[in-house]
Amino acid sequence: MAGGPFAWSGAALLQLLLGANLLVVPPTQARSLRFVTLLYRHGDRSPVKTYPKDPYQEDEWPQGFGQLTKEGMLQHWELGQALRQRYHGFLNTSYHRQEVYVRSTDFDRTLMSAEANLAGLFPPNGMQRFNPNISWQPIPVHTVPITEDRQAQVTRTVAYSV
């Protein structure tokens, strides 16, 4: 026998490792979700700059260069709704400040992305609805000045934990 009495075939070694792994990892029913951290970028935005002869200069964009578009707002609102469904049973049905912390870089497009996402994630109900004409509630989005933000030096992001 090549390799002596302790030689293992690749398949036997894999089976042993997988079998041992199944013994160590608890079954799905025994595990429970305790904490979620989400990290995402801003939604669709207008260009940050263009070439000199481009007919679509900054004044052609409703909010100017580098700003969140309607499409970007809708993307994050829909993402918030999808997250509401994904974490059904883990998230409360209404917003509670003790359970959610939202942090954004200090750029218009990232702050607006966070706000649109939260509008989809926590539509107001009952006492949280302060105006019957709008289905939105203010939820804090925390940030720090750009000059002090180490996160902004890497990328334009929004993060929150529940």
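How many helices and strands does the protein chain have? In this predicted model, local features require pLDDT of at least 70 and side-chain atom pairs count only at pLDDT 80 or more, whereas totals for chains, interfaces and linings use all residues. Residues are numbered from 1 along each chain as its sequence is written, and side-chain values use heavy atoms, with hydrogens and water left out. The protein chain has 3 helices and 3 strands (DSSP runs of H or I with at least four residues, and of E with at least two, numbered from the N terminus). From the N terminus on, these elements follow the order α-β-α-β-α-β.

Of the 162 residues in the protein chain, 31% are buried (under 20% relative accessible area, with exposed meaning over 50% and partly exposed in between; 1.4 Å probe, protein chains only).

Helix α2 comprises 17 residues (70–86) and reaches 24 Å from its first C-alpha to its last, close to the 24 Å expected at 1.5 Å a residue (1.5 Å times one less than the number of residues). Its buried residues are Gly72, His76, Gly80, Leu83 and Arg84. These lie on the same side of α2, because they cover an arc of only 125 degrees around the axis (taken from the directions from the helix axis to the C-beta atoms). Lys70, Gln85 and Arg86, on the other side of α2, are exposed.
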